[in-house]
Amino acid sequence: GLASGADKERVNAELRENQRQLKASGAVKALEVFRKKLPAFTMKTELLEAVKNNQVVVVSGETGCGKTTQLPQFVLEEEIEAGRGSECNIICTQPRRISAMSVAARVAAERGDALGQSVGYQIRLEAKRSAQTRLLFCTTGVLLRRLVQEPDLNGVSHVMVDEIHERGMNEDFLLIILRDLLPRRPDLRLVLMSATINAELFSRYFGGAPMKHIPGFTFPVKELFLEDVLELTHYPIVADQGGYNGGGGGGGGGRRRKTQEKAQDPILEAFEGVNIDSEYRKYSRGTQQSLQIWNGDQIDLGLVEAALQHICVKEGEGAVLVFVTGWDEISKLVERLKANSLFNDSRRFLILPLHGSMPTINQREIFQRPPAGVRKIVLATNIAETSITIDDVVYVIDCGKAKETSYDALNKLACLTPAWVSKASAHQRRGRAGRVQPGVCYHLYPKLVYDSMLRYQLPEILRTPLQELCLQIKSLQLGSIASFLSKALEPPEVLAVQNAIDLLKTIGALTPEEILTPLGCHLATLPVDPKVGKMLLMGAVFQCLGPALTIAAGLAHRDPFVLPLEHKEEADEARRHFAGESRSDHIALLKAFESWQEAKRAGRERNFCWENYLSSNTLQMMDDMRRQFQDLLSDIGFLDKSRGPQIYNLYSQDLEMVRAVLCAGLFPSVVQCKARGKRTAFFTKEDGKVEPHPASVNARVNAFSRPWLVYGEKVKTSAIYVRDSTNVSDYALLMFGGNLTVSKNEQGVEMLGGYLQFQASKKTLHLVQVSSVS
Ligand code: ADP
Ligand code: MG
């Protein structure tokens, strides 16, 4: 800024000199040989021209052609070489933390520079950058937060938004903001990078911005489906064990839950008119059980193992890339392979997990070829679909599913559940096998399923709750939420937007005039569902942190209790044991978690989980998530780690305080309990009569000492069930939740039997329950 012209020139000359020296090193020269073979390299001049002459450019190209690692680097090199180094300030966004880190490390190495010098990265809670950094890889979320302080991104010369084809919510959101910003910053350059060919959509959004396509080459990949894989592997089809013991895992429990409670699976819908029985028989050689192989919530890891074994025994050399849905399955698969005498040999197999939330990845092991005679097996989530390219993959095993957030109007919280991928993803996964030679892809689902997959996945903004996004719009001061969102690439439904705004008003994050409240400001800085965020804040403020962390982790992840079909009674009993007389599934979860921690310390975790029908994987995930939540709270100043945990847990043993915090987090998901003779009937504001879920500790119970339940999730099947609930009192609900004011719905159906509110008269507050409708 203040440097004189001469100073600036000196700095620019230094930068250029430094770059020339780095380039002369042997290591850089060696990597340059590799770089020059990348398809992106052949288009270097053309790409640089396009970026120079246009404010917006859309660049597409096959995964692995060099968009992410090369394009930002080309611009940086060119600017420094042209003597504009000090004005150059490139930001390249990545949807995932792990790609931001690994790409930054790679680009720094290709430049021969130390990471954090000219090239750096920044992700939430962690950064490697310095005053010298001219190219910064960051997560999309980091750039969005930076926009709060610097709405015009002054000082930034180039923004490159990567992986836009994924249509993540953050990326779609960022594009709206950038499109509005461009006229105010005519010197700012925007580059959009996409793997597939829907470049026109983005070009049109930016008023016909020029498109550049990097042509790529891949080898043919042979495609096998479940029917072929069963034939090849002679995989035995056995009656399912219920998924509980982790074996045979199609998950009888998962399957059953699905048909009973979840919306119909679109793939099953596609079977309408098909003789399902005979189709199943084709894949199952006469038994229907094998339906579970490909239709359960979980993947049949036995089948994955069989396919791996087939490749390693019968096929030629080459790395194997396995796509599963999450960390859970990756770690279970690692366990299985350890127990398998074939794979448990580190001289022959290098088994590497690859997951988006891993703190770091070992770049050398993942990307380089293993020593001769060693087969590399990478167990990955869909992160290896486009973000991370492993060149030497020859075999791909594709389970056909990925975790996606889904929003069902009945669900009060977004949930991350495995769902069938789109044809585009299946294609992309297959393509990973053909980078260095012809390959083979094993899809572990029938061809029929492939045929009925969606062509593209729905953009995230159209399939998730919008509360978090709405809060961000407000904290970035982008005006009216509805009119801002109407400018999106594919705008969400008006009703979905209104629902989100209403909820934010109800929980006190927005005023009735849609202005951000202080609570809303804090919630906007937490990258979690606002309800979960509110529970965390309340837990910290009311010194009841441990339980808030545990319950929030349970809500954000999933219930650690397993539901084995043939031990249902015992499993229910275990949950009731933890709940005691609390009338609370959340307290049962809390007690189970605390007992698990104790058992772990005593070295008897395995038995403990087994005896109490708990999944140690889920508990472990919850534990990790608790730690993340804690970091987030200290990041925004609600928790001072140096003061130790005691101070934040003075009331953690007080279950009344836990109930109060639950009210704060779960409101307005409220059920009224009304005595009906000896029985209890349950009502909600929107649905009328509901029932506690049969697995809830509140099912088939009649004596409720408090008149309300707060709940986390609601599902609709034969009846409307609240899945997990906690019995709470009037005062807790009013003081920590809010007012309830509904009696009958339009059809005159009985809803909540009255309403509650505080009435202030002089100095006292009275709790009144008015007009019982019975
Ligand atoms: P794109 O963004 O077009 O998908 P990338 O720029 O990510 O392509 O990758 C280009 C090439 O660089 C690929 O062959 C990939 O394997 C390689 N590569 C990327 N990151 C690393 C790394 N950290 N170590 C080694 N090779 C890498
Ligand atoms: Mg890329």
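These legends go with several close-up views of a predicted model.

Local features here need pLDDT of at least 70 and side-chain atom pairs count only at pLDDT 80 or more, while totals for chains, interfaces and linings use all residues. Residues are numbered from 1 along each chain as its sequence is written, and chains are lettered from A and ligands numbered from 1 in the order in which they are written.

**View 1. The shell around ligand 1.** There are 16 residues around the ligand, and Lys67, Thr68, Thr69, Arg106 and Phe367 come nearest (a residue is near if its C-beta atom, placed from the backbone, lies within 6 Å). Helices H5 (67-81), H6 (97-111) and H17 (363-367) each give two or more residues, with H5 giving the most, four. Helices (H or I, at least four residues) and strands (E, at least two) are DSSP runs, numbered from the N terminus.

**View 2. An open sheet of six strands.** The order is S9-S16-S13-S10-S12-S11, with parallel pairing; two strands pair if DSSP finds at least two bridges between them. S9 (221-224) and S11 (349-354) sit at the edges with a single partner strand each, so one side of each has no neighbour in the sheet. From one strand to the next, the twist averages 15°.

**View 3. Strands S10 and S13 side by side.** S10 (residues 319-323) and S13 (residues 393-398) pair in the parallel sense over five bridges. Look for valine 322, whose bridge partner in S13 is isoleucine 397.

**View 4. Helix H19 across the sheet.** H19 (residues 423-431) lies across S9, S10, S13 and S16 (439-443), at about 150° to S13. Contact means C-beta atoms, placed from the backbone, within 7 Å; axes are lines fitted to C-alpha atoms, for helices over the stretch in contact, and angles run from 0 to 180 degrees between N-to-C directions.

Conventions:
Two residues are in contact if their C-beta atoms, placed from the backbone, lie within 7 Å.
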